[in-house]
Amino acid sequence: MKIRFATIEDTKNILNIYSQYFDTAITFEYEVPSLDEFKQRIISISEDYPYIVLEDNDNILGYAYAHRFKERDAYGWGAELTIYMDKKAHSKGYGKKLYSALIDLLKLQDVKTVYACVTSANELSKKFHEILGFKKCADFKNAGFKFGKWYGITWYELSVNEYDNNPAPVKSVQNLDKVQVDKIFSSYTN
């Protein structure tokens, strides 16, 4: 088992995992994105933030990524996280390993706070984030409409670095030390 950065060659496998959630209100997208659209998402996110996969015997069991929380300058030290696991890989501790590796990469980038948005239909994700130390910071009622029903969202936050008065800019994932990155990846799979 290993954790590594996603490549565009992984797009089909990652999209197959994501497509498992379209019959639920866990994702608020209505249509499964095309392969090309999804590939562009991976490329765009990977320019500055981690997009990682957990695989076992060349079989991707899940993926996680982060992106900038909001665009305005003052938000530059926050990142929003996303994780999707193959439904066959649920409740085996794999998601915790993958998400923890993602958070550790963000710490190296000098991100200060990580956020997660969970739909009201996803009780397992709420518990997952709370187990990892995230705190609920906001509830929005009736934020999304899918399958003839309104769903709320809950935002969670976790502080991952010190808040100093002269914060260094967040580093691009492309500029992280490879040795440190490899150490993070191997620490969750050995």
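The following questions and answers go through side-chain contacts in a predicted model.

User: What kind of model is this, and from which number are residues counted along each chain?

Analyst: This is a predicted model, in which local features need pLDDT of at least 70 and side-chain atom pairs count only at pLDDT 80 or more, while totals for chains, interfaces and linings use all residues. Side-chain values use heavy atoms, with hydrogens and water left out, and residues are numbered along each chain, as its sequence is written, from 1.

User: How many salt bridges does a search of the whole structure find?

Analyst: A salt bridge is taken as a side-chain nitrogen of Lys or Arg within 4 Å of a carboxyl oxygen of Asp or Glu. Searched over the whole structure, the number of salt bridges is 12.

User: Which residues are linked with Arg-4 and Asp-10 in a network of salt bridges?

Analyst: The network of salt bridges includes Arg-4 and Asp-10, the pair that meets at 2.7 Å.

User: How many residues apart are Asp-23 and Lys-87?

Analyst: Asp-23 and Lys-87 form a salt bridge in which the closest N and O atoms are 4.0 Å apart. Helices (H or I, at least four residues) and strands (E, at least two) are DSSP runs numbered from the N terminus. Asp-23 is in the loop between helix 1 (11-19) and helix 2 (35-46), and Lys-87 is in the loop between strand 4 (78-85) and helix 3 (94-108), so that the pair links distant parts of the chain, 64 residues apart.

User: Over the ring of which residue does the charged end of Lys-87 sit?

Analyst: A charge sits over a ring if NZ of Lys or CZ of Arg is within 6 Å of the ring centre and within 35 degrees of the ring normal. Lys-87 is partly exposed, with a relative accessible area of 39%. Its charged end lies 5.2 Å from the centre of the ring of Tyr-21.

User: What is the angle between the planes of Phe-5 and Phe-185?

Analyst: Rings of Phe, Tyr and Trp (its six-membered ring) pair if their centres lie within 6.5 Å, with planes under 30 degrees apart counted as stacked, over 60 as edge-to-face and the rest as tilted. The search of the whole structure finds 16 aromatic pairs. Phe-5 and Phe-185 form an edge-to-face pair, 5.2 Å centre to centre, with an angle between the planes of 75°.

User: Why is the pair of Tyr-18 and Phe-22 edge-to-face?

Analyst: Tyr-18 is buried at 6% relative accessibility, and Phe-22 is buried at 10%. Their ring centres are 4.9 Å apart, and the pair is edge-to-face because the planes are at 80°.

User: Which residues does Tyr-188 touch, not counting residues up to four places away in sequence?

Analyst: Tyr-188 is in the segment after helix 5, and its C-alpha atom is separated by 5.5 Å from that of Lys-97, 91 residues apart along the chain. With contact meaning heavy atoms within 4.5 Å, Tyr-188 touches Ile-3, Lys-97, Ser-100, Ala-101 and Asp-104.

Key:
Buried means under 20% relative accessible area, exposed over 50%, partly exposed in between (1.4 Å probe, protein chains only).
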